[in-house]
Amino acid sequence: MENLSIEAINELRRNARSVVRELGLLNDAYFEIGVTLAERHLLIELIMCPSPTMGEIAERLLLDKSTVSRLISNAVKKGYVKCVTDEKDKRKRFLEMTEKGKQTLNAFEPIAFNQTEEALLTLTNEEVEIVHKGIALYAKGLKISRIQNQVDAEYLPSQHSANHSSDHNKKIESLPAISSRLAQLGFTLDLFDEKDEERLYEIFQEVVDSGSQFPYECSSIEEFHRQFFTPNGQVYVCHSLRGEVVGGFYLKANYSGRSNHIANAAYMIRNTYRGKGVGSLLIKASLHLAKDLGLLAMQFNMVLSQNKLAVKLYERLGFNVVGTIPQAVRNPDGSFQDGYVMHRKLDNL
């Protein structure tokens, strides 16, 4: 949105402060139960994601590891959670809610639920729908802004590096190093297996239906097969350590004949895992895999110009915009956006 007024921003901030106060969140201990807001979120996540690692909790709560470490340490001292060691790998530790943690959760959840219910009951059905949409949109905006800032923070230093190297000379860490970083984040990268199809297709539907990443208009299983599975292509799948499919990409030659040395790829990540660094690692891995196949360059034929996060990420990884297709993609509202052709060589990885 352009020309956003100062009054509009301050009005939203005033209303947000009012919501915080009405919910009683200024009290460090929630309704005299003795549990902090951060501890409440931790216990709720332990219900939604049983036996997570500390890293998974940090990602879900959007907290750095040192803050999460303190949070968990205090929760353990209070008897809300306990750490359990993996029998197969003693280096892995998972969090589980204790009986006291369950009792604490059962103490504050009904209060929070009833408080929300009572507030919504004072509104009409139309007003409740507005509340749902408004909060969802504001959360979406906050998330996009956070991810944008993360990308900018990573991108800007490379623009002002001491050696002023151009993007097409940008080095990419080795494939073993990428695999190691994925493992540290709790993920693996594997060749597609038939058992992955259903979950990978779910992500395809999610991404296509969002309208912000792929130009495809149809998210049918037939379209999924047509786009991702070509006779001479490969599909890679990113799994969590629990076996969940969190994303993937296809890799193939972009052209045939005397231009079959140029690669093409498309990536997709489950929405709940975006902004965690997985996407950039998948792109880096695909560059090495393409080079290992003897391909000399990677080209993206249609990067949506309004997908600014993707454009900046690709540029940070050494891609250049080598062409612009005016009004290449029709948006759901009937407007149009340009499409970028982006390219980088693979000889200097």
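The following legends describe close-up views of a predicted model. Local features require pLDDT of at least 70 and side-chain atom pairs pLDDT 80 or more, whereas totals for chains, interfaces and linings use all residues. Residues are numbered from 1 along each chain as its sequence is written, and side-chain values use heavy atoms, without hydrogens and water.

**View A. The largest nonpolar core.** A nonpolar core is a set of buried Ala, Val, Leu, Ile, Met, Phe, Trp, Tyr and Cys residues joined through side-chain atoms within 4.5 Å; buried means under 20% relative accessible area, exposed over 50% and partly exposed in between (1.4 Å probe, protein chains only). Among the 35 residues of this core, L251, Y267, M298, F300, Y314 and F319 touch the most other members. Elements giving two or more residues to the core include β5 (245-253) and β7 (297-304), and α10 supplies the largest share, 8 residues.

**View B. Surroundings of F300.** Leaving aside residues up to four places away in sequence, F300 touches N264, A265, Y267, Y314, F319, Y340, V341 and M342 (contact: heavy atoms within 4.5 Å).

**View C. The second core.** A separate core of 17 residues includes L46, I72, Y80 and L105.

**View D. The loop residue T122.** T122 lies in the loop between α5 (99-121) and α6; helices are DSSP runs of H or I, at least four residues, and strands are runs of E, at least two, numbered from the N terminus. T122 counts as exposed because its relative accessibility is 61%. Its side chain reaches the backbone oxygen of A119 at 2.6 Å.

Conventions:
Polar contact = N/O pair within 3.5 Å; in protein donor to acceptor, adjacent residues only side chain to side chain.
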